Amino acid sequence: MLGDGTRCVRGGEHDAHAVGDPVHRGPVLTSTYHLGRPEEADQGADFYARADNPTWREFEAAVGELDGGPCTVFPSGMAAIAAVLRAFTGAGRGVLLPSDGYYVARLLADEELAPLGVPVAYCATAGDWASAIARHQPALVMLETPSNPGLEVCDVAAVAAAAHAAGAVVAVDNTTCTPLAQQPLALGADLVVASDTKALSGHGDLLLGHVSAADPVHHERVRAFRTRGGAIAGPMETWLALRGLGTLDLRLARQAENARALAVALRETPGVHDVRWPGLADDPSHVLARTQMRRWNGILRFTLADTHAVSEFLARTTLVDSATSFGGLRTAADRRARWGDAVPDGLVRLSCGVEDTVDLVADVLGALDALG
């Protein structure tokens with residue numbers, strides 16, 4: 001198998017290139033395609049842009065190769081999550097979600113699925129999933145590991161085995177890892193979802209998401225749901241994400257290097273508590289994480305005294321943006337309690353960018369030292 005960097009750069013390419021073809025083909029911007037003769041069936045040909053687009057196929061081929069299963073692109077990570085939640089549940093066919101995962105997924109389940117008769121249940125990421133599956137008998141189990149924002153980890157293979165024994169489909173939100181750091185389909189999951197808004201595209205200039213499937217039947221179900229529901233990605237955003245994917249391997253390496261250096265330094269900084277990054281050998285999640293993660297990422301968390309301390313820290317730093325996304329070129333931090341996550345007021349999720357490690361550590365520690 002080719003290496004991560006090669007697959008990121010070369011993924012989605014066509015098999016043959018004619019002389020004069022552009023090396024980097026641009027996005028296909030169209031709503032309609034030329035049809036054949038009215039009496040002929042146009043099997044396999046593009047006919048309307050809600051159903052398919054050549055730019056989607058190029059992106060889906062590249063990401064699907066990294067994930068290990070056919071991919072369907074969506075206009076955002078939440079559109080991808082919503083498609084899975086709606087396509088694989090129903091009245092009396094429930095879902096089991098992480099209680100400490102992304103809060104908008106919980107809102108969608110509680111406020112849109114539950115009123116339609118879909119049973120909604122929760123289990124902590126580091127909790128007893130086998131017992132929860134046995135108790136609730138869900139049709140769909142959705143994991144997020146490492147979790148956002150707590151960076152807790154669960155055993156994907158063990159949960160998948162328990163879920164399959166109960167007849168459930170397993171989906172894993174792989175946003176915090178990317179397909180380079182973790183491959184849930186290879187661990188036994190049926191579906192992988194991700195917000196490609198984050199590290200995969202990596203530049204903070206678009207919204208995008210995807211779902212990849214181990215089973216072609218599940219893949220077709222997801223694609224049909226997208227076509228019927230119209231939750232389609234723009235070709236320009238898809239092309240930009242494909243362009244960003246080319247540097248994912250390089251970006252992830254620098255982000256992980258920065259995260260390690262910051263996590264080590266923060267542990268020795270007065271006023272900073274509960275530093276978590278799964279890549280640290282003594283992190284509570286490390287032993288399990290290293291069995292299912294191929295490499296580390298750039299997201300860490302720590303807790304300051306209170307809301308005011310976080311505000312002062314962000315005001316004093318010059319290399320950390322106050323922003324609620326992660327995985328981009330620029331380092332960003334977010335006080336997660338402001339969004340309703342059940343975390344301490346001073347908990348900060350920090351996403352390391354690709355700045356020079358020495359500069360970033362000095363800037364963060366200098367801002368914290370100034371807090372007194």
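In this predicted model, five strands make up an open sheet of mixed pairing, and their order is β8-β9-β12-β11-β10. The edges are held by β8, residues 273-276, and β10, residues 321-322. Each of these two has a single partner strand, so one of its sides is left without a neighbour in the sheet.

Which direction do β9 and β12 take relative to each other? Strand β9, residues 299-303, and strand β12, residues 347-351, run antiparallel, with five bridges joining them.

Let me now turn to the whole protein. It contains 13 helices and 12 strands. Its radius of gyration is 21 Å, close to the 21 Å given by the globule rule for 372 residues, and therefore the protein is as compact as a globular protein of that length. Along the principal axes, the C-alpha atoms fill a box of roughly 80 × 55 × 35 Å.

How much of the protein counts as buried? The share is 54% of the 372 residues. Of the contacts between residues at least 6 apart in sequence, 70% join residues at least 24 apart.

Finally, the surface and the charges. The accessible surface is about 15,900 Å², and carbon and sulfur atoms account for 55% of it. There are 31 positive and 45 negative side chains, and the centres of the two sets are 2 Å apart.

Methods: Residues numbered from 1 in each chain as written. Heavy atoms only, no water. Helix = DSSP H or I, 4+ residues; strand = E, 2+ residues; numbered from the N terminus. Rg over C-alpha atoms; globule rule 2.2 N^0.38 Å. Buried < 20%, exposed > 50% of the residue type's maximum accessible area, 1.4 Å probe, protein only. Contact = heavy atoms within 4.5 Å. Areas by Shrake-Rupley, 256 points an atom, 1.4 Å probe, with all protein chains shown as cover. Lys, Arg positive; Asp, Glu negative; His and termini not counted. Charge placed at Lys NZ, Arg CZ, Asp CG, Glu CD. Pairing = 2+ DSSP bridges.
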